[in-house]
Amino acid sequence: MVDLSPSELRLLIAVETTGSFTAAGREVGLSQSAVSHAVRESERRVGAVLFERGRRGATPTPAGERALVHARQILRQLELLRSEARGAASGSISGVVRVAAFRTAAAHLLPPVLDRLTTRFPELRPQVLVVPELGRGTAGEVADGRADLAIATLDDHAELPGLRHGDLVTEPYLLVHPAHHPDPRGLPLLDWPENCSSYTRHWWATQDWLPPRRLEVADDSVVLSMVAQGIGIAILPRLTVLTPPPGVTVVDLGPGRPTRRLVHVTTGAARHSLAVRELIRELRTSVAPA
């Protein structure tokens, strides 16, 4: 068996990204026929069809999806080989570190962390991908080779096959309602799609004081804005209400309140990267109790 070269792996990713052999060819400077030949040769070496060809372009087969995950991870390890070797020679850290985070983590946790990290290592270039915590969420970006590290939410007994994770912080949920409203519990309860895990559902089911009327909106930032406008009340994680807008009252829910577990997620290989290790160190410092 002959291994695929980095250029062949990049070509497969270009086909996936652009959705066609022609567009991939424009991206890498090859003709459509040359791309088609190269993909067929890669499929012959792998021993499986990687792309479905059709009038609408090229779509990865199940075998292709798995191959592309490994292609991204292999190419990333080659990038890390170069940047880590240069860093070891210079005594610094350089290159790209890719972070996937859900919106509130990207907005509130990452800015001071990345500021400190790039102050210490000016040649390091963080790239942040904001991903909703739905389905495979931010951890899925790491699993698919699109991110080196993710900030994710995780149930206490959940597993992340093939990935490594470590705790960052467990944050409480808080009650928010319009300030000075005469009867806030008479308003509907505002909800959002990312708030669909067991973190709050079981707790909500046992709270007979919560209003039965529910409204679902786009995300927790919209929820907070609607609370400020007097439209409803909400149960929100602390990160969302670090800087509540005017017109919002934040109330601690006391003992037994729901919580949300935040973790960092990476792969076994990426966790050895100096950039990832320093990023984890800064994240832990940022969330550590004062």
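1. Start with helix 3, residues 32–46. Glutamate 41 and arginine 44 both sit in this helix, three residues apart, which is about one turn of the helix. Helices here are DSSP runs of H or I with at least four residues, strands are runs of E with at least two, and both are numbered from the N terminus. Glutamate 41 and arginine 44 form a salt bridge, with their closest N and O atoms 2.5 Å apart. A salt bridge needs a side-chain nitrogen of Lys or Arg within 4 Å of a carboxyl oxygen of Asp or Glu. Glutamate 41 is partly exposed, at 22% relative accessible area. Arginine 44 is exposed, at 57%. Buried means under 20% relative accessible area, exposed means over 50%, and partly exposed lies in between (1.4 Å probe, protein chains only).

2. A word on the source. This is a predicted model, in which local features need pLDDT of at least 70 and side-chain atom pairs count only at pLDDT 80 or more, while totals for chains, interfaces and linings use all residues. Residues are numbered from 1 along each chain as its sequence is written, and side-chain values use heavy atoms, with hydrogens and water left out.

3. Now the overall picture. The chain has nine helices and 11 strands. Its C-alpha atoms fill a box of roughly 70 × 50 × 35 Å, taken along the principal axes. Of the 290 residues in the chain, 47% are buried.

4. Look next at strand 11, residues 259–267. Is this strand largely enclosed or open? Eight of its nine residues are buried, so the rest of the structure largely encloses it. Strand 5 (residues 149–153) pairs with strand 11 in the antiparallel sense, over five bridges. Two strands count as paired if DSSP finds at least two bridges between them. In this pairing, alanine 152 stands opposite valine 263 of strand 11.

5. Strand 11 has another partner. Strand 6 (residues 163–178) also pairs with strand 11 in the antiparallel sense, over nine bridges. Here glutamate 171 stands opposite arginine 260 of strand 11.

6. Back to salt bridges. The count comes to 19. One joins arginine 103 and aspartate 220, at 3.0 Å from N to O. This pair links distant parts of the chain: arginine 103 is in helix 5 (residues 103–120), aspartate 220 is in helix 8 (residues 220–228), and they are 117 residues apart. Arginine 103 is partly exposed, at 28% relative accessible area. Aspartate 220 is buried, at 4%.

7. Arginine 120 forms a salt bridge with glutamate 282, and their closest N and O atoms are 2.9 Å apart. Arginine 120 lies in helix 5 and glutamate 282 in helix 9 (residues 274–287), so the pair ties together parts 162 residues apart in sequence. Arginine 120 is partly exposed, at 38%. Glutamate 282 is buried, at 7%.

8. Salt bridges can also form a network. Which residues are linked in one? They are Glu16, Arg72, Arg136, Asp144 and Arg146.

9. Arg10, Arg82, Arg86 and Arg125 form a positive surface patch. Patch residues have over 30% relative accessible area and no salt bridge, and like charges are joined within 9 Å. Arginine 86 lies in helix 4, residues 62–90. Arginine 86 counts as partly exposed, at 47% relative accessibility.

Definitions and conventions:
Patches are made of residues with over 30% relative accessible area and no salt bridge: like charges are joined within 9 Å, nonpolar side chains (Val, Leu, Ile, Met, Phe, Trp, Tyr) within 5 Å. Accessible areas come from the Shrake-Rupley method with a 1.4 Å probe; for residues, only the protein chains shown count as cover. Lys and Arg count as positive and Asp and Glu as negative; His and the chain ends are not counted. The place of a charge is taken as NZ of Lys, CZ of Arg, CG of Asp or CD of Glu.
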